[in-house]
Amino acid sequence: MSCYSCIITVLVALVSFVLGASLFVLLFAFQGTGPNKDCAGSFGPVTYLHRGNLNFAQENTFDAVVNGAALQGMNPEIDITALSDGSAVLFHDKSLKRITGVDKLVEDATLEELLSTPISAVIDGYDYGSTNNITEFLPVVKAICAVEDISINFDLKMTEAIDPVVDALVASDCTEGSNIITTAHPNVVHAAREALDDAGREDLRIGAYLALPGSGEYYFLGIKFFLKTRLMHALPRFSGSDILEFHASVYEHEKELIQKWRDDGWCTGVYGIKPEEVGNYDVDVYIVDEGPSFPDLPYGGLGDDNEPEPFEYKNGQDDSLLFYYIFIAVAGVLMLIFLICFVLLIRRCCCKPKDKEDKEGKEEKGEYEDGKSVEIDSVSASDSEASFMDM
């Protein structure tokens, strides 16, 4: 094998080994990963009202969160959206349209503009009877924390919302043990964990929830892929959570996988349920939809920026491990290529065959294949020439 061929073989071997080994690590190395700190058995069970008590008022309003939830002895879950000026408001959607009728992104509005924009009386087809107001974040936190034995579930959609939450927790001296931060974004988990630790709030739990079934959030991989591998909860730049949260339909089909998380110390949480359904789930965190029936939401749940869709976990994608096994096969093929290249390098680039080595040795000594030396033949030739001259 030529020197050039040996170099190409080395490169192919290295690339195959690195890619194959990396795939195996990603698929298997984190499957037993535990939480940031042990949670199962030491936290909860605790119930939060999703966006407040919507029987009382429109979602994420002071009336729904404070008057309808906290003052009634119930823990609210609230959505925080950060604004460009560093302030924050309670708001779930990216756009104002569903809640206010204004076709504008929340992040593009000023605090003054938002506080003066009324919330519609009719939300998702349900008529509350009157308009309401968008709520500034800090006053709500202070009002809730002033109520004894009430906790808050802070749902963060962006890293920009982390500082307002941490600042509010410190400013309000909100130290109730069941306060948690939840998010569907792994990068938010890691950044929030660092911010909380820096602020001396290492005690605060963080929940990382899996997206709605059927949303296509995880493309071809599906929800079960991440339940199996734990990549979104365990990779170093995504780590820091203590609670695994999921939709009710995921719990119904993946109890065995979820139990493995609990065995490793994770708390678990479920969302997409009504208050009367809490007893159907054995978890630590319950995020319940307390509210009326919304005519524009035929599949249940609460509204968002998107058109209503059914929440179906077993849709042939979310519940499949097809690509998990495809990646295992790909990793196996890559490692096989590495082994083949390694053998070729040993046999053809590092070690010469014995017959070739013997032949080269004979040529260096001037020997023919019949064992007669060149020197002997030369002497014989000289003798023959001398005899010819004597004649």
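Q: Which residues do ring pairs link into a cluster?
A: Ring pairs link F24, F28, Y218, F225, F226, Y324, Y325 and F327 into a cluster. Rings of Phe, Tyr and Trp (its six-membered ring) pair if their centres lie within 6.5 Å; planes under 30 degrees apart count as stacked, over 60 as edge-to-face and the rest as tilted. The model is predicted: local features need pLDDT of at least 70 and side-chain atom pairs pLDDT 80 or more, while totals for chains, interfaces and linings use all residues. Residues are numbered from 1 along each chain as its sequence is written, and side-chain values use heavy atoms, with hydrogens and water left out.

Q: How many aromatic pairs does the structure hold?
A: The structure holds 17 aromatic pairs.

Q: Why is the pair of F220 and F323 called tilted?
A: The centres of F220 and F323 are 4.8 Å apart and the planes stand at 55 degrees.

Q: What makes the pair of F220 and F323 tie together parts that are apart in sequence?
A: F220 lies in the loop between strand 11 (205–209) and helix 8 (223–229), and F323 lies in helix 12 (residues 322–350), so the pair ties together parts that are 103 residues apart in sequence. Helices (H or I, at least four residues) and strands (E, at least two) are DSSP runs, numbered from the N terminus.

Q: Why do F220 and F323 count as partly exposed?
A: Buried means under 20% relative accessible area, exposed over 50%, and partly exposed in between (1.4 Å probe, protein chains only). F220 has 46% and F323 has 27%, so each value falls in between.

Q: Why is the pair of F225 and F226 called edge-to-face?
A: The ring centres of F225 and F226 are 5.2 Å apart and the planes stand at 85 degrees, so the pair is edge-to-face. F225 is buried at 4% relative accessibility, and F226 is buried at 10%.

Q: How do you know that R230 lies over the face of W261?
A: A charge sits over a ring if NZ of Lys or CZ of Arg is within 6 Å of the ring centre and within 35 degrees of the ring normal. R230 lies over the face of W261 at 4.6 Å from the ring centre.

Q: Where is S178 found, and why does S178 count as buried?
A: S178 is found in the loop between helix 6 and strand 10 (180–183). Its relative accessibility is 18%, so S178 counts as buried. Leaving aside neighbours within four places in sequence, S178 is in contact (heavy atoms within 4.5 Å) with F43, V46, Y48, S151 and I152.

Q: Which residues make the contact between helix 6 and helix 7?
A: The axes of helix 6 (residues 162–172) and helix 7 (residues 186–198) come within 10 Å and cross at roughly 30 degrees. I162, V166 and L169 of helix 6 meet V188, A191, A192, A195 and L196 of helix 7 in this contact.

Q: Why does Y313 count as buried?
A: Y313 has a relative accessibility of 1%, and therefore counts as buried. Y313 is placed in the loop between strand 14 (285–288) and helix 12. Beyond its neighbours within four places in sequence, Y313 contacts residues including P213, I223, K224 and H253. Y313 and P213 are 100 residues apart in sequence and 4.9 Å apart in space, C-alpha to C-alpha.

How values were computed. Axes are lines fitted to C-alpha atoms, for helices over the stretch in contact, and angles run from 0 to 180 degrees between N-to-C directions.
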